[in-house]
Amino acid sequence: MTRTAAELRGTLARPRGEAARRHGRLPMPPLAYTDEIARATAPLYARVATIIPPVEWPFHAPYVHAINQLKAERNAVILAHNYMTPEIFHCVADVVGDSLQLAIEATKTDAEVIVQCGVHFMAETSKLLNPDKTVLIPDMDAGCSLAASITGADVRALREAYPGVPVVAYVNTSADVKAEVDICCTSSNAVQVVESLGAPRVIFLPDEYLAKYVQTQTDVEIIAWKGHCEVHERFTGAELRAYREADPSIRIIAHPECPPDVLAEADFTGSTARMIDWVKREHPARVVMVTECSMADNVAAETPDVKFVRPCNLCPHMKRITLPKILDSLVSMTEEVVIDPAIAARARRSVERMINLKS
Ligand code: 13P
Ligand code: SF4
């Protein structure tokens, strides 16, 4: 029997919102896997059958089914980052992509509610671009080591140290930081954004390794902050050389948040969306995707002929987003992303300036 949003609300009665966060989330009572749900979700399972074993599907399917029903009832859209697990990425997301694609899609949606399946800075970006919509994140504690590495006060101090030098912020920053900078960028447009400023020197924050990568692609002098992604900084050039020694035909593609010695081993460097496009275009026999581990699963589901070698570094923040929490979020309409309007107005300018750049 299919349950309505109201019935689910009853099933899941427990501390909500801020209270739930402070007291720690209680486990979701498991939902039953019925024949009806098996039938209704069969086409969705077909999308992930090569990577989710049949024995696991009964755990995911009731949540997938309930989320997709409730999404329609709430007039909600689910924006999911490429690092979401396959049952989220392929079975409940309406829009998937890298940070830039999700930000652009956030400007286009007619839905009243946005559920951001990603980390907090991504939900803030969606809220900045949709101040009148309800933006929910299924776990408010889904942070990012880069966003945590710098504050608005740090940016003001940088401006004093380098008067007149424009400041570019990677979107992996808080709204507070975005409010203090000239323009935002993502890993797919960082070089273009830096060069768009027409300045000889640019402050680039907070990712030191992305800044170093940009420096290899431009004559503009880059002044970098020393933030790091806790996932990508763990990869090493030595481990990639070992893969290549074991199989010289292997292809290596890497995200620009990786350290320089890792990027030196890569056949291709690009944002998560560009890495996915590369695999679909090139169809390598074997590939190492040097980035968060779930992404290889998502691409593997669509490219069964490609073998993925998986040095499995997971982002603990991205992995906070699960099907039960997405359902909980839609049932209880929590947790809502709220940004101080004075900060939001200035932060929005930096994001919009990036989005309005001609590609
Ligand atoms: P992308 O914009 O390439 O998806 O990167 C976001 C991110 O957080 C990578 O760690
Ligand atoms: Fe942040 Fe790294 Fe996680 Fe991306 S993978 S959200 S940069 S901690």
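Guide: What follows starts at the ligand site and then moves to the helices, loops and backbone details.

This is a predicted model, in which local features need pLDDT of at least 70 and side-chain atom pairs count only at pLDDT 80 or more, whereas totals for chains, interfaces and linings use all residues. Residues are numbered from 1 along each chain as its sequence is written, chains are lettered from A and ligands numbered from 1 in the order in which they are written, and side-chain values use heavy atoms, with hydrogens and water left out.

The space that ligand 2 takes is the largest cavity. A cavity here is a set of points, on a 1 Å grid over the protein atoms alone, where a 1.4 Å probe fits but cannot get out; a pocket is instead an open set with protein on both sides within 12 Å along at least five of seven lines, and lining residues have an atom within 4 Å of a point. A molecule sits in such a space if more than half of its atoms lie within 2 Å of its grid points. Around ligand 2 stand Y83, V119, C144, S145, L146, N172, C229, V231, E257, C315, H317 and M318, a residue being near a molecule if one of its heavy atoms lies within 4 Å of it. Sorted by class, this shell has 8 nonpolar, 3 polar and 1 charged residues, where Ala, Val, Leu, Ile, Met, Phe, Trp, Tyr, Cys and Pro count as nonpolar, Asp, Glu, Lys and Arg as charged, and the others, Gly among them, as polar.

The UniProt record has an annotation "binding site", from an unreviewed entry, for C144, C229 and C315. These three residues span 172 residues in sequence, yet no two of their C-alpha atoms are more than 9.3 Å apart, so they gather at one spot. C144, C229 and C315 also belong to the lining of the largest cavity. UniProt positions are given in the numbering used here, feature names are shortened, and annotations may be inferred rather than shown by experiment. C229 itself lies in the loop between β8 (221-224) and α12 (237-246), and with a relative accessibility of 9% it counts as buried. Buried means under 20% relative accessible area, exposed over 50%, and partly exposed in between, with a 1.4 Å probe and protein chains only. Helices (H or I, at least four residues) and strands (E, at least two) are DSSP runs, numbered from the N terminus.

The unreviewed UniProt entry also gives "binding site" for H81, S99, Y170, V171, N172, S187, H255, P256, E257 and T272. Of these, H81, S99, Y170, N172, S187, H255, E257 and T272 are included in the lining of the largest cavity. Within this set, S99 lies in helix α6 (residues 99-106), and T272 lies in helix α14 (residues 272-282), where T272, A273, M275, I276, W278 and V279 are buried. Just after α14, H283 has a positive phi of about 45 degrees.

Another helix, α4 (residues 57-74), has 18 residues that at 1.5 Å a residue should span 26 Å, and its end C-alpha atoms are 25 Å apart, which agrees; the expected span is 1.5 Å times one less than the number of residues. Among the buried residues of α4 are W57, H60, Y63, V64, I67 and K71. An α-helix has 3.6 residues a turn, so residues three or four places apart point the same way. After α4 comes N75, with a positive phi near 50 degrees; N75 is in the loop between α4 and β1 (76-81) and, at 33% relative accessibility, counts as partly exposed.

Most residues other than glycine have a negative phi, and most peptide bonds are trans. M333, in the loop between α16 and α17, has a positive phi of about 55 degrees although it is not a glycine. In that loop between α16 (323-332) and α17 (341-355) lies E335, and the peptide bond joining T334 and E335 is cis, with omega about -10 degrees. The bond from L205 to P206 is cis as well, with omega near -5 degrees, and P206 is in the loop between β7 (201-205) and α11 (208-217).
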